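This briefing concerns the single chain shown below.

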Amino acid sequence: ANWDVTEEVKLRNDLQNAKNLAEARNQELEAAKESIEHLALHDYLTGLPNRRYLDRTLEERAEECRNGSLTLAVLHIDLDRFKQINDTLGHRAGDAMLKHAAKVLKDCVRSTDFVARIGGDEFVVLCAVESGTKKLSNMAARIIRELSKPIRYEGHECRFGASIGIAADSGVDLDAKQLLLNADIALYR
């Protein structure tokens, strides 16, 4: 047998290179897609889920609670005296306080709870609890206590607190949107 296989080997190498390039580009596209999805569903400053992600998760958690024997609780949190810090020390100080608040919230809740920043200095925590409001009030008290501790920022001692509105409901008639609205009403009451 004597024939020249140079062209076939070159073609096979070209095909392998094209395949490798296509796989690399596919990985880049997948990473870009994941990054875009993350940015669309998370707050850029704190890294917490945003309002859009909250709305999606609220419906999912409500459905789980309707089908199970769990109570869905919404804690709507507003930082007290945040505007004063932002106005007197500037937006960088305000950003630092928001990051601190996000960390405190994550540390004060269970790993199964959902924490979101819904805008400005407002946050929401979603909890599925078995029954009773004692755990919820204890969690709210712990959050308020931790957020009330002073924070050092560029030589200044910053103090702020939190107001929390809590709403909880269970059963087949659980209305997630109304529950969020009720927590908002409780916060401002």
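The chain carries 27 positive and 31 negative charges, whose mean positions lie 7 Å apart. Lys and Arg are counted as positive and Asp and Glu as negative, leaving out His and the chain ends; each charge is placed at NZ of Lys, CZ of Arg, CG of Asp or CD of Glu. The model is predicted, and local features require pLDDT of at least 70 and side-chain atom pairs pLDDT 80 or more, while totals for chains, interfaces and linings use all residues. Residues are numbered from 1 along each chain as its sequence is written, and side-chain values use heavy atoms, without hydrogens and water.

**Overall form**
- The chain holds six helices and six strands, assigned as DSSP runs (helices H or I, at least four residues; strands E, at least two) and numbered from the N terminus.
- From the N terminus, their order is α-α-β-α-α-β-β-α-β-β-β-α.
- The chain is more spread out than a compact globule, because its radius of gyration of 25 Å is well over the 16 Å that the globule rule gives for 189 residues; the radius is taken over C-alpha atoms, and the rule is 2.2 Å times the number of residues to the power 0.38.
- Along its principal axes, the C-alpha trace spans about 90 × 50 × 20 Å.

**Surface and contacts**
- Buried residues make up 37% of the 189 in the chain, where buried means under 20% relative accessible area, exposed over 50% and partly exposed in between (1.4 Å probe, protein chains only).
- The accessible surface is about 11,700 Å², 50% of it belonging to carbon and sulfur atoms, as computed by the Shrake-Rupley method with a 1.4 Å probe.
- Of the contacts (heavy atoms within 4.5 Å) with a separation of 6 or more, 66% join residues 24 or more positions apart.

**Serine 69**
- Serine 69 is located in the loop between α2 (51-67) and β1 (71-80).
- Its relative accessibility of 68% makes serine 69 exposed.
- Between the C-alpha atoms of serine 69 and aspartate 80, eleven residues apart along the chain, the separation is 35 Å.

**Helix α3**
- Phe82, Ile85 and Asn86 are buried in α3 (residues 82-89).
- These buried residues fall within an arc of 95° when seen down the helix axis, so they line one face of α3; the arc is that of the directions from the axis to the C-beta atoms.
- The buried residues of α3 pack against β1, α4 (91-108) and β5 (156-158).
- Exposed residues Lys83, Asp87 and Thr88 are on the face of α3 turned away from its buried side.
- Glycine 90 follows α3 and has a positive phi, near 100°.
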